[in-house]
Amino acid sequence: MKKVIIVLFLLSSILNCSKGKNPLSSLDNLLSDSKIVFTSDRDSDGSEHIELGTKCEVYIMDMDGQNQTRLTDNDTYDFNPVFSPVGTKIIYTSRKDWLDGNLVIIDIESKNPITITEHTGGGENAKFSPD
């Protein structure tokens, strides 16, 4: 029962922060050592962007819902987080508005984000190459 509640919570969080996207099109947000990366608006001020919805941040947690850790803390709309193949980094899309989209890689340990694209207007659904 506890796993069902956690899965429903995650689905709700993901869908609330996806605004018309399909974040469940793959299982790239699950890591083989039982970690989940997701976005949530739980720390948002509640304001909504007309096109992007509520501002979300990137979080990581154990598969059982324990050890939830916020990885981002910024003024952008962060979504579509995906683990690297070895699980030490996460790539996600960060937007200030509909046209200003960037791909960002964040190291899980240091929480240091590195923007790898600048104002591309795209960059959604990025994934790491398995090699």
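Student: I started at Asn 67, which sits in the loop between E5 and strand E6 (69-70). What should I look at in its backbone, and what is its phi?

Tutor: One thing first: this is a predicted model. Now the general idea: most residues other than glycine have a negative phi. Here, Asn 67 is not a glycine, yet its phi is positive, about 55°.

Student: Is Asn 67 buried or exposed?

Tutor: Its relative accessibility is 54%, and exposed means over 50%, so Asn 67 counts as exposed.

Student: Which other residue has a positive phi near 55°, and where does that residue lie?

Tutor: Look at Asn 80, another residue that is not glycine, with a positive phi near 55°. Asn 80 belongs to strand E7 (residues 77-83). Its relative accessibility is 10%, so Asn 80 counts as buried.

Student: Let me step back. How many helices and strands are there, and in what order do they come?

Tutor: The protein chain has 1 helix and 10 strands, in the pattern α-β-β-β-β-β-β-β-β-β-β. Of its 131 residues, 44% are buried. Among contacts with a separation of 6 or more, 41% are between residues 24 or more positions apart.

Student: How far can I trust each region? What is the mean pLDDT?

Tutor: The mean for the chain is 76, with 68% of the residues reaching 70 or more. Residues 4-16 have a pLDDT below 50, and this stretch makes 19 contacts in the model beyond near neighbours in sequence. Residues 18-25 also stay under 50, with 14 contacts beyond four places in sequence.

Student: Which strands pair with E9, and in what sense?

Tutor: Follow the bridges. E8 and E9 pair in the antiparallel sense over 7 bridges, and Ile 91 stands opposite Ile 105 in E9. E9 also pairs with strand E10 (residues 113-115), again antiparallel, over 3 bridges. There, Val 104 has Thr 115 of E10 as its bridge partner. E9 and E10 form a hairpin with 5 residues between them, and Lys 111 in the turn has a positive phi of about 60°.

Student: And charged side chains? How many salt bridges are there in the whole structure?

Tutor: A search finds 6. Take Arg 70 as a guide: its side chain meets that of Asp 43 in a salt bridge, at 3.1 Å from N to O. This pair links distant parts of the chain, since Arg 70 is in strand E6 and Asp 43 in the loop between strand E2 (35-40) and strand E3 (48-49), 27 residues apart. Both are partly exposed, Arg 70 at 25% relative accessibility and Asp 43 at 41%.

Student: Which other residues form salt bridges with Arg 70?

Tutor: Glu 57 is one, with its closest N and O atoms 3.5 Å apart; Glu 57 is in strand E5, 13 residues from Arg 70. Asp 73 is another, at 2.9 Å. Through shared partners, salt bridges join Asp 43, Lys 55, Glu 57, Arg 70 and Asp 73 into one network.

Key
Residues are numbered from 1 along each chain as its sequence is written. This is a predicted model: local features need pLDDT of at least 70, side-chain atom pairs count only at pLDDT 80 or more; totals for chains, interfaces and linings use all residues. Side-chain values use heavy atoms; hydrogens and water are left out. Helices (H or I, at least four residues) and strands (E, at least two) are DSSP runs, numbered from the N terminus. Buried means under 20% relative accessible area, exposed over 50%, partly exposed in between (1.4 Å probe, protein chains only). Contact means heavy atoms within 4.5 Å. Two strands pair if DSSP finds at least two bridges between them. pLDDT is the predictor's confidence in each residue, from 0 to 100. A salt bridge is a side-chain nitrogen of Lys or Arg within 4 Å of a carboxyl oxygen of Asp or Glu.
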